[in-house]
Each structure stands twice: as C-alpha cells, then as structure tokens.
Amino acid sequence: MSLVPTRIQLNRPLPPLTYLAPEGLPAGVRVRVKVRNSLAVGLAMGPDPAPPAAKLRPIEAVLDPFPLLPPKLRELQAFAARYYGCLEAHLLPLSLPQALLPHWEADEDGQRLSFHRERGAWGVLADLGEAWHRDPSLLPTLLHRPLLRGAGFTEVRLTGAPHPPRVTPSQAKVLLALEDGGGAMMEPELLEAAGVGASVLGTLEKRGLIERMKRVDLLGQRREAGLDRTVVLNEEQRTALEAVALGTFGVHLLHGVTGSGKTEVYLALAERVLAQGRRVLWLVPEIGLTARLLDRLEARFPGRIAVGHAGLNAGEKHGDVVRLLFNGADLFVGVRNAVLAPLRDIGLIIVDEEHEGSYKSEEHPRIHARDLAIKRAQLEGCPILLGSATPSLESWQAAQAGRYQLLQLKQRPAGITLPTVEIVDLRDAYRQLRRKVILAPPLMQALVDVLEKGEQSLLLLNRRGYENFWMCRACGKTLGCPHCAISLTYHRGDFRLRCHLCGHETVPPEACPDCGAEHLRGVGEGTEQVEEHLKQVFPSARILRLDRDTTRRRGSFEAGLLAAEAGEVDILVGTQMLAKGHTFPKLTLVGVLNADQGLKVADFRASERTFQLLTQVAGRAGRAELPGRVILQTYSPEHPAITFALAQDFEGFAASELPFREGLGYPPFTALTLYRAEADTLKEAREALEGFRQRLSVPGLRVLGPLEAPVPRVRDRWRMHLLLKGPRGALGEVLARHPLAPAGPISLDRDPIQFG
Ligand code: ADP
Ligand code: ZN
C-alpha cells in the first residue's frame, strides 16, 4: 500500500498536521501519530494537496475500522468553522468525547497513558478502538449496555430504618452524605458526594436502609400508565404531520401554545422516520427539564434512545455517544452541542423551544445550534421541525416570508384551558400605599385564596440575592465590585456582598468606604428577600426558593421541582429557571413581581425576551381540572410586551415588533456580527477595534463603534464592542478577508444574542 501525505487533526486548537498515511484512508478515522516524542490520537482529514516540503513522518497506526465522524458531519463542521470563524479543531470536542480523542495518548515510557487509565470509564473508552480490533465479540457488550440515565431520574431516600450495628465504610459514606443532603438526593449527586460506586446503593437497598425511587413512580400511576399510549392526533396535528415531507430538506415551524400537542406531532413523525430505518436528532434547550420527555420517549421507543448530557459524569456521557457510534441508538436527544453529534443517516431533526437562548453558545466557538441544525438538515436532505409557543422573530419572519413552512396548533386538547391573565399597575399600588410594595394587594389576596384552597403558587422575580445593591445615603456611592463594572449584590443568608459576574465577595462594611457615613442601605429586592417576606406573612406555608443560590448542588434543582410537583410546596419563589418546561399539577397562580424588569436592558431583543418569559411562565398556571390565574405586576402596563402577554397573543406581538426591527435595521432584517475586544486597559481594547475598523474593506455594511461594552470591565479586563450590520453574505466576506489573530485581543460573535 502506498503512503500519501494526509492531514491529521489532533484534538488541539491548531490546524491539521501532515503525515504519511495509507492511500485511501477514509477521512474521520482515528489514527495514532507521534508528535515529538509523544503519541497522540488524531483524526484523518483526507489527503493534503499541498504538503509541506519537510520530511514527513508516517502515522503509527489506524485505530478504527470505520470513520467516527460521518462525512456529512465533517461537512457541517467545515461549514461551521467558516461561518463562526473558528478552526475545525475547535468543533471536534463538541462531536466526540475526549475519551475517544484524547489530547495525548502516551509518552514513549507510557507515563500519560497510565495517568488516563486511572480514570475508570475514560480508560476503557480510550482503548475501545483497539478493543474491537482485538476482540470483535466485545462489540455487542458495548452496544447493549443498559441505557444510562441522568440527574432527575432516580431519587435515593433514607428509609429511616435504624442503622444496623455494622456498615462498611462506603456504605457509611452514602448514609452520611444522604443525611447531609436532608435525607433524599438524586442518585448521581449522592454518588458524587459520597465518592462511591453505584453498587453500594444496591447493597444498602437490600438491607432496607435506603430506597430508590424512579421518577415515574414518584409521579404516580396515572402518568406512568399513560406514557406509552399513542394518542389519536386531532385534525390540526394530523395536518402538521402530513405537511412534513420525509426524505427531503424543508424547514417547518410548528407554532402552538404549551400543551397544544407539539410533542405528539414530533413523536408521530419520529415514529415514521424510525420505521424507515433512519435516525432522529432531537434538540432540547436544557436536559434538566426533559425528564418527562425522556420518559415518554423511552416508553414509546424502548432501548432506542441515547441522551447527550452536558453536565453528567464522564462515564454516562460517553456511554451514550459510544452507543451512537456503534449504531446502538436511533434517536439522540441532547442540548446545544448535540447538533454536532456523530449521528449517521439522519431522517429528521427536531428543535424544541427553538427560540431558547441556550441554543447559542456564549463561549468560543459561539455556535447557534438551531441555525446549525438547519444547515445539517440541508446537508442530510431531511426535514427539520422547529417548535415553540413563542417562536423567535427570526423564524417567524422566515415563515411569513415563505422560506419556512408554518404549521400551527391553535386548539388545546380537551381538559387544558388557558389561564386568565391580569395586570397590576405598581404605580397605583405605590400611590395608594405610599411605599414600595413587593406584593401588591391583588396578588397578596390571590396568594391567600390559593393557600386556602390548598393549591400552589409560583412567584417569579428575575433577581437573586437579598438586595440588588447597597448605596450610601449620605454620598450616593454604590458598592461595586473591585474587578468588574457592576455593583455587588447583598446575600443575607451568608452575610456577604457578592459580584454576580466574577464571584468576588466581601463582608458588608458598616460605613461607607468613601465618606464614612453609616448610612448604607440596600436597594432593589431579590428572591431571598421575597422569600423572607413570604415567611413572615405566611408563617405556616411551605415556601421553596429556587434560584442559582439554592440550587448549587447537583440535582438540587431537580429535587426541588419534584417536591413541588408532588405537592409538597405551597409557594414557589424563584428566578426564570422556574419559568421553563415544567408542569406542576397543583399550580394555579403565577405572579410575576416585576414584569417589566427585562425591558430596561439595552438590547433590541428586550421586548421579545420579556414577552417570551411572561408567556412561558403564564403557561405554568393551571392544567386540566384546575384553571389558572396569572398576575403581572408592572410599572409599564402599556408596553406591547406586557399587553400582548396579557392577551396571550404571539402573532399580535410579532406584528407589532417586526416593523420596529425593520425600521432600525435589526435582525431578522439584517444580520449582525459582534467583534469583542478585551484587554488590560480600555485604551488597548479600543485601539485594537479602531485598527480593525480602519482595515475593513467590505462595502455594504453599517459599522457601529467601537463602543464600551454594556459592562465595560469584567474580571479586571476591559471590554469594547464593534458591531457590524449588513447582509449575511457581506459579513461572511469580512470574516474571509479579515481573519483575526488567534491569540489577539479581538474575538468574534456571529449572530450575537447577548450583548453584555
Ligand atoms: P406541547 O408539546 O405542545 O406542550 P404535548 O404534545 O406535550 O404538548 O401535549 C400536552 C398533553 O396533551 C400531553 O399529555 C399529550 O399526551 C396530550 N395530547 C396531545 N395531543 C393529544 C391528542 N390528540 N389527544 C389526546 N391527548 C393529547
Ligand atoms: Zn466582579
């Protein structure tokens, strides 16, 4: 076999290197190469048409019998690298677990390899390539591993049985960790806290010391029984289903309020695609909120599902990707990066809650999973379904213009009613009471009513902590972070002033550090204060606060949701993490304490985001037998984001908002690229962008800036922005003509959605 110069991509942010490899080696296959004196694993990327003049080394070994990255996925990566201005190497870790593509395999003396072997699952997978060469009979074992499931599925509880005189040290660790965790924890969290393997739980369970409960058991017979039933689709759902042509590319926007039956349409389509022997890629905004969906999918397509977790421990995460590689799963459910999963032969892509900001990465490479999913569908020649109750204005406009097919579900299946929405004008409340109120009288009265009926309430305030900032009444100074250009938030629970950007914290001073006056006071209530207030007003109510402060430990958010779902909570109070995707059967009142809070942000999407949030949180109120009520407290009751949320009228909102966007030349009518500069001084950051601006040679663009970023300093680094507006093609041209220095001060954000 003759050897030809071949590009080999290592899992490092560098362009490919060139080695000699057998002619015809398929791209996407892993190889082992020598880099200086170490061994590394790389991916073959095809022949190098212009190899360097230097003497080339041959590769050491071919590791896989078939490409781990299917050709269409490599095309997608090449597209994404061009579009988002990154190297393909930056995208590899989003497609393959590091276990399959380690940075280094081993030194010649085997040092690094043994380091890797220490980490159980990791080592097993790193050897996989050779394992299947050596012993093909291993394959079925790897393929048919039981489906590994993540946080939110199994809860472990202490049974309260008296401890027998003797437990092993690992058993003791579990029991102690459980006790610390309040007697009940999610399994992955518990195992992590105790630092033991899952087998210990089995033993403890047999001894009657703990019990393990699957989520479905907790949720009761009713739901469990109904999970795998195939519903008879109503007419709108059938129309939507039939409108999606399989085997050909097309973008379909499925618009329907929460509960209108969108998921049933996805399921029916997925069933057809799976029956044809093709695969389904199913994107969700957050895996933590998909427990019910996964239960539905497992019941409907048992054993065929793999899950792409973002935050689970390595073994589980890799387990499912490995199943994909070996064709051990046909339906892959995952968050953002799953759009780059090594799935072959895709027949359908679903993007649920397509408007969600979590699909856009806020770290380099700043990909947008929904947009890449559309590209992937195009490359695969398959349909893609974008679903939402509040579609992004980008997708909505594309549907209005006929580029996407609009499918709508307007009726809700029997038993589901829309909540009634009311507005409370906080200015009136202030005028009447002559003081600022957290809960205006109508909301307070509603809370009382709901408590009396034994139902549940949810209060949303998108600000954690006790007080938003501290200010000196004598001189007007606000206490800011020494490293960031924002104020510190007071957390009463641990008596700290804390920076929500960098985490800097300090014990609150008694006097103003500037003028020495002892007149510091807190301004702007946060969830912690609301919780305290509620506890005073309703001392016997069961109140649960869920925000980033109370849910730091893994699994605690899921545990909180479960408690609320099981009716163990009377009043839930929290930030927007409560707004999404969850159904609480007894929840009949939703109160938004400051509905126009998000409108004060200087961002052209502020109105859209506020409308989405309000609609979403309103959707939590009332299910089936119990009609819901939503109360929005606001200082700007006339704002369209509020009035259309009040009317629960997405189309009206879109029709009122789109002309503004068009008039101001914002997306979806133009595209944006944000160039961000970061440096030790503001001057350096500014000069970098000014230099870039002067070199710009692409016509047809509007250039704004350089301007200070809304938060001009974070972690002692100064930040400036340069915003380019124009047609997508021209913005792509800028990228091609003006590449950025890899380690330079400027970074790139195409189609930005966060401007902080
Ligand atoms: P969405 O995804 O739009 O929020 P779902 O598909 O989850 O809505 O549907 C909400 C509830 O209504 C689910 O319990 C679902 O099983 C049920 N449902 C949906 N469509 C039908 C139907 N045609 N007949 C009976 N029940 C349905
Ligand atoms: Zn800070």
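This is a predicted model: local features need pLDDT of at least 70, side-chain atom pairs count only at pLDDT 80 or more; totals for chains, interfaces and linings use all residues.
You'll find C515 in the loop between strand 22 and strand 23. Leaving out residues up to four places away in sequence, C515 touches C472, A474 and C475.

Now look at C512, which sits in the loop between strand 22 (505–506) and strand 23 (520–525). Is C512 buried or exposed? C512 is buried, because 20 other C-beta atoms lie within 10 Å, and 20 or more is what it takes. Setting aside neighbours within four places in sequence, C512 is in contact with C472, A474, C475, K477, A517, H519 and L520.

So what do these cysteines have to do with each other? An unreviewed UniProt entry lists C472, C475, C512 and C515 under "binding site". These residues are spread over 44 residues of sequence, yet they cluster in space, with a largest C-alpha distance of 8.5 Å.

In soluble globular proteins, nonpolar side chains tend to be buried together. Here, the largest nonpolar core has 148 residues, and L281, L283, F332, I349, A373 and L632 are the ones touching the most other members. Helix 13 (residues 262–275) gives this core its largest share, six residues. There's also a second, separate core of 15 residues, and among them are L672, A688, W718 and L722.

How values were computed:
Residues are numbered from 1 along each chain as its sequence is written. Chains are lettered from A and ligands numbered from 1 in the order in which they are written. UniProt positions are given in the numbering used here, feature names are shortened, and annotations may be inferred rather than shown by experiment. Helices (H or I, at least four residues) and strands (E, at least two) are DSSP runs, numbered from the N terminus. A residue is buried if 20 or more other C-beta atoms lie within 10 Å of its own, exposed if 12 or fewer, and partly exposed in between; C-beta atoms are placed from the backbone. Two residues are in contact if their C-beta atoms, placed from the backbone, lie within 7 Å. A nonpolar core is a set of buried Ala, Val, Leu, Ile, Met, Phe, Trp, Tyr and Cys residues joined through C-beta atoms within 7 Å.
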